[in-house]
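Have the sequence and the 3D view ready.

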Amino acid sequence: MPEGGEVKRCSRCHEDEPRAAFARNGAGHLKRQFGTTEAERDELIASRTGLCVIRLSAPAIHVDHCHETGKVRGVLCFNCNSGIGKLGDDPDNTRRATAYPEGNSWKPILVAPGVYQLPS
């Protein structure tokens, strides 16, 4: 058993780790997941005045990363981080989602039988 008493199995790497390693949204796994440390994450948060770079009003506490490369993009609030993830990390989906509340639905334009074009 690892030093520190109680253990928990990591759902990502399937290794038993001290329960303390899972504190603060799995901060003990930052190095393994994102190649960054808690101190580096905290420095990134401080450099952004502690706020989500999208909402500018919510605390930035979640490390955002590209799911293809694993590269850390920044720190976001929970809602923005999960929203981008639910949109599949796709910039086109994100642009359409941004336009939607303004009443701008992206409707495909029929340019030929069976051929559609999305407005730019």
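A disulfide is a pair of cysteine sulfur atoms within 2.5 Å. Keep in mind that this is a predicted model. With that cut-off, searching the whole structure turns up zero disulfides.

**Cysteines**

- How far is the sulfur of Cys 52 from the closest cysteine sulfur? That neighbour sits in Cys 80, and the gap is 3.7 Å, which is too far for a bond.
- Cys 77 is in no disulfide either: its nearest cysteine sulfur belongs to Cys 80 and is 3.6 Å away.
- Is Cys 52 buried or exposed? Cys 52 is buried, with a relative accessible area of 0%.
- Cys 77 is buried too, with a relative accessible area of 3%.

**Positive phi angles**

- Thr 49 isn't a glycine, yet its phi is positive, at about 55°.
- Where do you find Thr 49? Look in the loop between helix H3 (38-47) and strand E3 (62-65).
- Thr 49 is exposed, and its relative accessible area is 64%.
- Leu 56 also has a positive phi, of about 60°, although it is not a glycine.
- You'll find Leu 56 in the loop between H3 and E3.
- Leu 56 counts as exposed, because its relative accessibility is 60% and the cut-off for exposed is over 50%.

How values were computed. Residues are numbered from 1 along each chain as its sequence is written. This is a predicted model: local features need pLDDT of at least 70, side-chain atom pairs count only at pLDDT 80 or more; totals for chains, interfaces and linings use all residues. Side-chain values use heavy atoms; hydrogens and water are left out. Helices (H or I, at least four residues) and strands (E, at least two) are DSSP runs, numbered from the N terminus. Buried means under 20% relative accessible area, exposed over 50%, partly exposed in between (1.4 Å probe, protein chains only).
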